[in-house]
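These are my notes from a first reading of the structure shown here.

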Amino acid sequence: MLSTAIPVGVTVNGTDHEFEQPLTVRELLERLELPCRGVALAVDGSLFPKSRWDEQVGRGWNIEIVTAVQGG
């Protein structure tokens, strides 16, 4: 049987990524070896709250990940 899954293409911090299977935002961070703590996400320019990180990543999303740093 042929696979009919359509790859999920997203841009993360300016770099294009393609995944064979759908994945959640949390899984995306894990797959890219990015921290799940101390970061904020924006999807297509809008804040994406941590309460929604178990939702599937949408095709074509432009995701910006910002890491919190101390100091000033």
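I began with terms: two strands pair if DSSP finds at least two bridges between them, and strands (E, at least two residues) and helices (H or I, at least four) are DSSP runs numbered from the N terminus. The model is predicted, so I noted that local features need pLDDT of at least 70 and side-chain atom pairs pLDDT 80 or more, while totals for chains, interfaces and linings use all residues. Residues are numbered from 1 along each chain as its sequence is written, and side-chain values use heavy atoms, with hydrogens and water left out.

Which order do the five strands take in the open sheet? I read 2-1-5-3-4, with mixed pairing. Strand 2 (15–19) and strand 4 (46–47) stand at the edges with a single partner strand each, so one side of each has no neighbour in the sheet.

I then followed strand 1 (residues 8–12), which runs parallel to strand 5 (residues 62–67) and is joined to it by two bridges; Val12 has Ile63 of strand 5 as its bridge partner.

For the whole chain, I noted that the C-alpha trace spans about 55 × 20 × 20 Å along its principal axes, and that 26% of the 72 residues count as buried (under 20% relative accessible area, with a 1.4 Å probe and protein chains only). Last, I checked contacts (heavy atoms within 4.5 Å): among those with a separation of 6 or more, 50% join residues 24 or more positions apart.

How values were computed: Buried means under 20% relative accessible area, exposed over 50%, partly exposed in between (1.4 Å probe, protein chains only).
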